[in-house]
Amino acid sequence: MEHLSWRRALLLVLLGLAAAALVLVVPESRLPAVTRTVMLAGAAMSLNLLIGNAGLVSMGHGLFLGFGAYVVAIGSVKHGLSLSWCIALAISSAVVLAVVSAIIALRARALFFGLLTLALSQVAFVFVARNYALTGGDDGLVGINVPKWLDSDLAQHFVAVGVTTAVCLLLLMILASPFGAILRALRDNPERVASLGGHPKHIEFIAFVIAGILAAIMGVVAAITDQAVEPTLISWTTGATLLVMVALGGRFTFLGPILGVVILETTRTLVQTYSEHSDLVVGLLVMGCALAFPEGIGPSLQGSRLGRWFGGPVHMAEAATPPSTERTAAP
Amino acid sequence: MSLASPVLEAKGVTKSFGAFTAVRNVSLAVYPQEVVAIIGPNGAGKTTLFDLLTGRKAPDSGEVSLFGRVVTHEPPWRRVHRGLGRSFQVSSVFPTLTALENVQIGILLARKQTFQLFGQASLAHRAQAAALLDQVGLRDRMDRLAGELSYGDQRALELAVALSSRPKVLLLDEPTAGMGGEETDECLSRVKAIAAAESIPVLFIEHDMSVVFSFATRVIVLVAGEVLVNGAPAVVRADERVREAYFGESF
Amino acid sequence: MDGRLILAQVVAGVATGALYFLVASGLTLIWGALGVVNLAHGSFFMLAAFAATTLVHQLGPGLGLLCALVVVPLLVLVFAVALETTLFRRVYVGGIWGQLLLSFGLLLVVNDLVRTGFGAVSRSIVAPDFLQGFVEIFGVRLAKYQLAILATTGLVALYLWHLLARSRTGRLIRAAVDDPAMLGAVGVDVKALRTRVMGIAAVLAGIAGVIAAPRGAVNTTIDVQIVVIAFAVIVIGGLGSVWGALVAALLVGIAEALSTLVIDQGGEVVIFALMALVLFVMPTGFQTIAGRD
């Protein structure tokens with residue numbers, strides 16, 4: 001169980017302030033890349049509610065991220081709606097999308113669940129990429145209108161940091177709550193949860209919907225900070241990248257996903273400025289981590305002081321007994 | 001006893017898997033204050049019968065009722081809220097949670113706090129959970145991970161978790177399986193004490209004959225999916241057919 | 001709508017489906033039988049396709065393609081076996097997560113190397129002269145090259161059937177699909193079996209890559225494209241079932257081809273919609289594998 005304490009909440013706020021303070025050290029031209037990293041961190045945290053805590057390996061989380069962004073973009077660019085209307089519309093329609101896709105995706109179990117989420121996000125991706133009239137197709141949509149106070153890299157960075165911090169605090173609260181504790185128990189042993197009076201499907205459903213809505217909120221942030229959207233945001237590439245980030249950082253540590261995002265995104269953007277082989281470097285990095293830390297980097301920090309900051313009471317036994325969703329793993 | 005209505009009743013339940021009939025036309029009832037044992041050789045359909053009673057599987061035909069209400073096709077979780085508690089044959093605690101957390105989860109689920117998104121689970125129902133662990137003798141180990149407890153302790157924890165929903169009838173699937181003699185005695189006296197103190201009727205599956213006859217107030221013998229004998233321990237022990245079908249091979 | 005046009009589309013769909021089958025059948029074996037999830041399986045396909053274009057550029061359409069058909073799958077085989085024995089082998093114990101990370105990293109690395117080695121520009125090659133053009137059968141115009149794909153795939157499928165039904169490796173693979181935990185327990189060298197199956201899977205993907213090359217643009221996005229489709233095929237067909245994959249691949253190929261009659265672009269959407277639909281109705285695909293979900 002996660003513990004909710006003022007110390008941990010304060011730590012998250014401090015982490016947020018540190019991310020905000022990056023504007024003091026990062027050159028202006030690099031700020032958008034940092035902002036994007038912050039946005040992805042929030043998305044990865046929302047994904048880990050499913051992966052690490054519910055044992056639901058979703059591969060299509062990009063669906064919600066892209067959906068939130070596209071609703072804002074279409075509202076703003078195609079219909080000239082004000083930003084607050086766009087945001088309200090994005091979040092409320094994301095609830096509907098999350099409910100519908102949860103009903104579909106949760107029919108399947110284990111990796112089939114993952115592939116079903118992937119299929120859903122690919123359907124949405126192809127629809128978006130081909131539908132030039134509504135979504136701008138492959139080109140995406142450019143020119144999202146934001147209020148004046150938001151029309152600077154600095155303000156957008158602060159918004160991204162603020163929302164991501166809020167999402168993290170909310171997730172900490174949820175994981176510490178009875179629901180979060182039962183979600184963990186469900187990952188360990190769904191049958192036992194059912195025999196104690198919980199309905200596994202209903203619990204997974206709520207987790208899926210929450211994760212979907214939070215990802216859509218991060219999508220809204222992406223739309224605001226980029227003032228543009230493009231279809232890869234919704235595709236399986238985004239979902240798979242987020243999945244890898246979570247796995248790399250450590251899905252059983254609370255802040256593991258952020259660690260994964262920071263490592264991968266920082267490497268990618270740094271290499272990108274010097275060479276076009278960022279994929280090569282990132283790929284090698286991921287492969288190296290697979291060999292050195294198959295359970296992610298977070299858990300291996302656990303013993304250290306840094307790890308205690310990161311982790312919370314995650315038990316090492318978890319690494320030794322993979323949850324039941326991973327039954328298809330190598331014998 | 002016959003005046004009271006049964007807390008748990010099965011009427012002519014049958015369950016087949018393909019061509020194999022695991023449970024055939026079984027009727028039984030558990031009354032208040034009773035401790036009923038189900039015995040039978042391996043493959044007699046004992047666990048399948050339990051699954052039908054708890055809702056893990058649905059019978060092909062027949063009826064299951066709980067406190068006078070027909071629940072034949074209700075899922076397990078709903079029956080729990082009607083007062084049915086069960087333990088599993090294979091120990092099934094939550095290995096990555098501590099003993100205390102295991103019981104807390106049970107209490108949270110039983111109180112329908114499943115969808116409560118605020119408040120702190122680790123602080124919820126601590127006293128009650130600790131008291132339950134005390135009852136099964138695990139108080140000093142309540143902060144250990146369940147997966148790291150000894151086998152006997154896991155079974156004891158299992159019992160505490162099953163009790164966490166304050167069941168009005170308790171189903172135990174081989175509560176002493178894999179235990180040594182001393183552990184078995186300890187476990188049983190514990191179950192006995194709890195059943196008596198809370199006046200919970202118990203239905204349990206058991207292999208160990210000495211256990212059955214020292215503990216049960218009634219014994220049901222299941223052979224090849226059918227009820228062979230149903231009666232007081234002394235009656236069952238004396239029954240010729242039981243001797244032939246069952247004791248012949250294991251005594 | 002013209003019946004003959006529809007029929008021609010169906011044949012085209014079957015040819016596409018045949019390619020999907022070659023890629024998916026290998027993937028379903030290593031996943032279903034040996035629990036290895038290889039996201040980089042499409043990279044074998046892409047490597048083969050690029051290698052084939054190079055050989056055709058060097059040796060001309062006829063000889064080049066023929067050479068490619070022989071040499072390229074062997075090269076891919078060597079590459080796959082090398083990867084399996086040096087890298088994949090190290091992450092099996094950790095379960096699926098190490099594999100996901102490793103193969104995702106591999107996907108990025110191979111993609112980058114291909115972009116560097118072969119150039120980021122999309123390539124296209126022509127089919128050999130004798131396979132160009134159309135033949136008319138019962139009044140339906142069919143592209144010769146599609147028929148050639150069908151013939152090749154048919155031969156490979158026949159070999160695969162022989163392998164699975166008759167050989168010791170095949171028996172082990174089938175046993176592993178039924179009960180993955182059993183193999184090690186009865187003393188089978190699972191290590192060697194994994195290498196062998198990974199090799200077979202890579203060869204199948206290599207053959208698919210070569211014969212797919214003259215059909216369309218060969219570029220650096222086809223690795224991801226084909227592997228995602230292969231996953232869809234596997235899921236529809238049922239994990240670990242080669243013949244389920246065959247049915248699913250043909251179904252997907254035909255559905256995709258027919259959809260082009262109705263919508264201009266984006267036949268892929270049909271694949272994923274089909275996958276979502278099948279999984280929604282049958283959460284473990286057409287073939288349910290006993291004891292697994």
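How many bridges join strand β1 of chain B to β2(B)? The legends below, which describe a predicted model, begin with this pair.

**View 1. Strands β1 and β2 of chain B.** Strand β1 (residues 8–17) of chain B is joined to β2(B) by seven bridges, and the two strands run antiparallel. One residue of chain B shown here, B:Phe17, has B:Phe20 in β2(B) as its bridge partner.

**View 2. Helix α1 of chain B on the sheet.** Helix α1 (residues 46–54) of chain B packs on the sheet, where it touches β1, β2 and β4 (61–66) of chain B. The direction of helix α1 makes about 120° with that of β1(B).

**View 3. The open sheet of chain B.** Four strands form this open sheet in the order β2-β1-β4-β5 (chain B), and their pairing is antiparallel. Strands β2 (20–30) and β5 (69–70) of chain B are the edge strands, each pairing on one side only.

**View 4. The interface of chain C and chain A.** In this interface, 50 residues of chain C are in contact with 48 residues of chain A. About 4,500 Å² is buried between the two chains, and carbon and sulfur atoms give 76% of this area.

**View 5. Polar and charged pairs between chain C and chain A.** One salt bridge is counted between these chains; the side chains of A:Asp279 and C:Arg115 meet in a salt bridge at 2.8 Å, N to O. Five residue pairs are in polar contact across the interface.

**View 6. The side of chain C that touches chain A.** Helices α3 (61–91), α4 (96–118), α7 (180–185), α9 (222–237) and α11 (268–281) of chain C each supply at least two residues of this side. The largest share, 17 residues, comes from α4(C). By class, this side of chain C has 32 nonpolar, eleven polar and seven charged residues.

Technical notes. Residues numbered from 1 in each chain as written. Chains lettered and ligands numbered in written order. Predicted model: local features only at pLDDT ≥ 70, side-chain atom pairs only at ≥ 80, totals over all residues. Heavy atoms only, no water. Pairing = 2+ DSSP bridges. Contact = heavy atoms within 4.5 Å. Axes fitted to C-alpha atoms, helices over the stretch in contact; angles between N-to-C directions. Buried area = accessible area lost by both parts, 1.4 Å probe. Salt bridge = Lys/Arg side-chain N within 4 Å of Asp/Glu carboxyl O. Polar contact = N/O pair within 3.5 Å; in protein donor to acceptor, adjacent residues only side chain to side chain. Nonpolar A, V, L, I, M, F, W, Y, C, P; charged D, E, K, R; others polar.
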